[in-house]
Structures are given as C-alpha cells and as structure tokens.
Amino acid sequence: MAPPHGNDAEIRSPSRRSLLAGVAALGALGAAGCSRVATASGAEGGDLLDRLKAQGVVRLGIAGEIPFGYIDRDGRLTGEAPELARVIFGRLGVDSVQPVPTEFGSLIPGLNSQQFDVVAAGMYINAERCRQVIFSDPDYQMLDSFIVRKGNPKNLRDYRDVVRSKARFATGTGYAEIQYAVDAGYDESDILIVPDQVAGLNAVEAGRVDVFAGTALTTREVVRKSRKAESTEPFAPLVDGRPHTDGGGFAFRPTETALRDAFNKELHSMKRSGELLRVLRPFGFTENEMTDMTAKELCRG
C-alpha cells in the first residue's frame, strides 16, 4: 500500500503480505528472529550504522508478501526490499541481512521497540506513519487494482464503482485500500478484512465477496494461475478529490537520521544509474513503477 488514523497496529495503510510460498518458512523463522537488536541511538542522529558495521548484519522487519519481502520455497529471504537492502547495506559496510518476519501491523511497533533495525517491506509512506518513523525516499510508486470474478461482471474499475454497485468489498489487514474505500463512501463496517491477497483471492473465487482491493503488483501476481478470478487495470485512488499515487520505502526509527541519510545517498545513486530498476525488475517492477517522489512529499499526505 490515503492517510490512515491511529497506531500502526490499527493503521489504514497498505500492507504487503505473503503468497502461500512463504507462509510456512515465515513461521519457522519467526522464533529465531524474536530477540531484540542493540539499544537505539541518541537524539543526535545515532551511531547505529557504526554498530551495524561492527556486527556485520542488519535485521530487516518483513511482512511476508510477494513481491515486496518474503521467504521463498527454499527458505531464502528475497523480494524487492530485501534485495535492495542487500545492495545498499553492502555498500555501507554491512555484509549480511537477516529477516525478522512479523505481521504488517506489527512492523512499526516492532521497529520502535528495537526488534529489528529497519522495515524492509515495501511500506507505503504517508502522513500518519511519518509521525511514528522516518522513511527513506521511495524506491517505487504504485497504483491500486482489484481482484474480481472472470469477466468483471459488476464492471468494477475504481472505488466509486464499488460504492455505486453496492459490491461486497474486501481488502487486507492494515491496507491503505480500507481508507480509499471509506473516502469513496463505502461503510467501513461492511468491509471484509482478510489477512492478505491470497485470502482475498479465495474470498472472490468462493463468492463471499465481489471484489478485493490491493496493489497493482500483488493482485496481478496472485491471480496469475486462477481460473475464476482476474485483476483489473491499475488505477489511482482519489484522495481529496485528486488521483493519488503511493510510494513505498524503508522505515527507520526517528533517531536514526544518519542511517537514513546514508541509505538515501546510495538509493539516489542507484536511481541515477538505472541500477535500481535492474534490482527490482525480477519482482515485476517496470519503468512505470520508478519514481522521483520524495519521502517529504509523501509525508505531507
């Protein structure tokens, strides 16, 4: 994954969730990744990067969603955010990355309670989250899309269509799509909240809902082998009456400005050289998902 409200445990912003390929491995790794990282740095920007260099490993909070950050069938950490983290942290002198799988709604609380060093889950940057953490500039931008029955019988193309048709609507836990639907006039109490896009696909295929909303990449991937469902064309949700494009990046504790700035320096270099797209392309990202937006812009909402 519209600015959400409340704590991230109940935040209405996009998540990234796992396909079935990563679920079992996530559970196996969860216990191994539960210990806490070193004490947070001070208010002057911190020395976390120095400590990460010394220990040679950075712990990444992930939420287990293809293609953003997940454990593959071979038990390997991969996805656009972990692979980008490998490159950037390697250049910063940190040779190894270690996953700490958790629920999406626990990523920001887990980061701020030092369960891991950085959130590497393709997290959307928005005003509410920016009050809790600091973000790198986005490494990608993203539109929304729906999962619908084959042929899209209700002709659902955006959230206004969902409201007008009184379609049964579902989206994922913590997804920004919750707020987009509410802003379009859908009653929040009528939204079916499911764990992830796999559960959303299942709900559409079983006829429990007419539509599941998610990101264009995740909906496209999850319906690839479905005989009953398809994804709609990507679209920009309306925020304050204007089309809105989301951007996702890495989250850091508010005190870790030095680490965030060092990360951004490498990220910008990769954008200029075209290396960023080369790293992200295997996960379905295209030139259309590349962006020059900044965290500052997205934090303004």
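This is a predicted model: local features need pLDDT of at least 70, side-chain atom pairs count only at pLDDT 80 or more; totals for chains, interfaces and linings use all residues.
A residue is called buried here when its relative accessible area is under 20%, exposed when that area is over 50%, and partly exposed in between. By that reading, tyrosine 159 and phenylalanine 235 are both buried.

**Aromatic pairs**

- Another edge-to-face pair is formed by phenylalanine 252 and phenylalanine 263, whose ring centres are 5.6 Å apart and whose planes make an angle of 65°.
- Here too the partners come from distant parts of the chain, with phenylalanine 252 in strand 15 (residues 246–252) and phenylalanine 263 in helix 10 (residues 257–273), eleven residues apart.
- Phenylalanine 252 counts as buried because its relative accessibility is 0%, and phenylalanine 263 is likewise buried, with a relative accessible area of 0%.
- Ring pairs also build a cluster that takes in Phe146, Tyr159, Phe169, Tyr180, Tyr186 and Phe235.

**Disulfide**

- The disulfide is left-handed because the torsion about the S-S bond of cysteine 130 and cysteine 299 is about -70°.
- The bond links distant parts of the chain, as cysteine 130 is in helix 5 (residues 127–130) and cysteine 299 is in helix 12 (residues 295–299), 169 residues apart.
- Cysteine 299 has a relative accessibility of 28%, and therefore counts as partly exposed.

**Salt bridges**

- Glutamate 83 is buried, with a relative accessible area of 15%, whereas arginine 76, at 40% relative accessibility, counts as partly exposed.
- Aspartate 161 forms a salt bridge with arginine 164, and the closest N and O atoms of this pair are 2.5 Å apart.
- Both aspartate 161 and arginine 164 lie in helix 6, where they are three residues apart, or about one turn of the helix.
- Aspartate 161 is buried, with a relative accessible area of 14%, while arginine 164 is exposed, with a relative accessible area of 60%.
- A further salt bridge brings together the side chains of arginine 168 and aspartate 210, at 3.1 Å from N to O.
- Arginine 168 lies in the loop between helix 6 and strand 9 (169–172), and aspartate 210 lies in the loop between helix 8 (197–205) and strand 11 (211–215), so this pair ties together parts that are 42 residues apart in sequence.
- Arginine 168 counts as partly exposed at 41% relative accessibility, whereas aspartate 210 counts as buried at 15%.
- Salt bridges that share partners join Arg76, Glu83 and Arg86 into one network.

Conventions. Residues are numbered from 1 along each chain as its sequence is written. Side-chain values use heavy atoms; hydrogens and water are left out. Buried means under 20% relative accessible area, exposed over 50%, partly exposed in between (1.4 Å probe, protein chains only). Rings of Phe, Tyr and Trp (its six-membered ring) pair if their centres lie within 6.5 Å; planes under 30 degrees apart count as stacked, over 60 as edge-to-face and the rest as tilted. Helices (H or I, at least four residues) and strands (E, at least two) are DSSP runs, numbered from the N terminus. A disulfide is a pair of cysteine sulfur atoms within 2.5 Å. A salt bridge is a side-chain nitrogen of Lys or Arg within 4 Å of a carboxyl oxygen of Asp or Glu.
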